[in-house]
Amino acid sequence: MLTTTSTRPLVPDDLDEALAVLHREPVANAFVAARVQSSGLDPWRLGGEMWGWFHRGRLTSLCYAGANLVPVCAGPEAVAAFAERARRQGRRCSSIVGPAEPTAALWAHLEPHWGPAREVRPRQPLMLTRSPAVDVTADPFVRRVRKDELETLMPACVAMFTEEVGVSPLAGDGGLVYQARVAELVGSGRAFARFEEGEVVFKAEIGAVTPYACQVQGVWVHPDRRGRGLSVSGMAAVLRFALAEFAPVVSLYVNDFNTPARAAYRRVGFRESGSFMSVLF
């Protein structure tokens, strides 16, 4: 009998087909697309494998299997195939994250083998904008972080990560990998902050960039300064940098229970366009 579907790790020769899949949903796929565009499909450079699901010889779905497990344009059959491959391999990721429907289906397959998760966030609105709100003044003190300010920025990054994820990024290797990632963002001009008296009071980074979209991450306001509008004016400033220098669409995803953040993002021009899901281990 002719096999009409198959799943395998992709190789560099599959790059054009993989990019075609990623470009079908350029905003939702920005994180994976940015990695593939900068690193190709070589697992060592990519930081993980890219699995492909083929239907009648045509690549139709992907799954990034690295520090995160991320389904891309994956329907039920592809999700089942990726789940089986992940189950056989054993859990190597710290999270499963992606568009809510395929991520939920992937977790349903894997939970009996990998569960329980430390935390499941079933609905994280994906928000995007193509233009800033005209009636919001951008904070003029939010600027690009300089390389010599990395040590000043790091405590804010660690605080943000710990609040958001529930564990410190300094655990395990002492934070070497995390600090390298922050240094990469600073070095590439994608980290922004407002400093007051040698301390960060607002920060955000542009974590993924493609020709079609970029993704804001790591938004944080110092606890002593919350409730004073810094997130709105700060995000307005970051949004202007992002649209002017990086991509025509700016996106982010946020926990549905974070009502103040969602309100702040709407205030500066973001609107909800889909939903993500995260499973944290």
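**Entry: handedness of the second pair.** I began with α6 and α7, whose crossing is right-handed (a crossing is left-handed if the near helix is turned anticlockwise from the far one by less than a right angle, and right-handed if clockwise). Helices here are DSSP runs of H or I with at least four residues, strands are runs of E with at least two, and both are numbered from the N terminus.

**Entry: ground rules.** The model is predicted, so local features need pLDDT of at least 70 and side-chain atom pairs count only at pLDDT 80 or more, while totals for chains, interfaces and linings use all residues. Residues are numbered from 1 along each chain as its sequence is written, and side-chain values use heavy atoms, with hydrogens and water left out.

**Entry: α6 and α7, continued.** I looked up the geometry: α6 (residues 150-165) and α7 (residues 176-187) pack at about 120°, with axes 11 Å apart. Axes are lines fitted to C-alpha atoms, for helices over the stretch in contact, and angles run from 0 to 180 degrees between N-to-C directions. The two helices are therefore oblique to each other (under 35 degrees is roughly parallel, over 145 roughly antiparallel, 65 to 115 roughly perpendicular, and the rest oblique).

Which residues of α6 and α7 meet? From α6 I listed Leu150, Leu153, Met154, Cys157, Val158, Met160 and Phe161; from α7, Tyr178, Gln179, Val182, Ala183 and Val186. Contact means heavy atoms within 4.5 Å. By class I noted 11 nonpolar, one polar and no charged residues (Ala, Val, Leu, Ile, Met, Phe, Trp, Tyr, Cys and Pro are nonpolar; Asp, Glu, Lys and Arg are charged; the others, Gly among them, are polar).

**Entry: α1 and α2.** Helix α1 (residues 15-22) packs on helix α2 (residues 30-39) at about 155°, with the axes 10 Å apart. That makes α1 roughly antiparallel to α2. The crossing is left-handed. Leu15, Leu19 and Leu22 of α1 make the contact with Val32, Ala33, Val36 and Gln37 of α2. I sorted these into six nonpolar, one polar and no charged.

I then checked burial in α2 and found Ala30, Val32, Ala33, Ala34, Val36 and Ser39 buried. Buried means under 20% relative accessible area, exposed over 50%, and partly exposed in between, with a 1.4 Å probe and protein chains only. The buried residues of α2 pack against elements including α1, α3 (43-46) and β9 (199-209). Just after α2, glycine 40 has a positive phi of about 70°.

**Entry: cysteine 73.** I found cysteine 73 in the loop between β4 (68-72) and α4 (76-89). Is cysteine 73 buried or exposed? Its relative accessibility is 14%, so cysteine 73 counts as buried. Leaving out residues up to four places away in sequence, cysteine 73 touches Val21, Arg24, Glu25, Asn29, Thr60 and Ser61.

**Entry: arginine 194.** Arginine 194 sits in strand β8 (residues 191-196). With 16% relative accessibility, arginine 194 counts as buried. Its side chain is joined to that of aspartate 139 by a polar contact of 2.8 Å. A polar contact is a pair of N or O atoms within 3.5 Å; within protein, one must be able to donate a hydrogen and the other to accept it, and residues adjacent in sequence count only if both atoms are side-chain atoms.

**Entry: serine 251.** Serine 251 is in strand β11 (residues 250-253). I read its relative accessible area as 0%, so serine 251 is buried.
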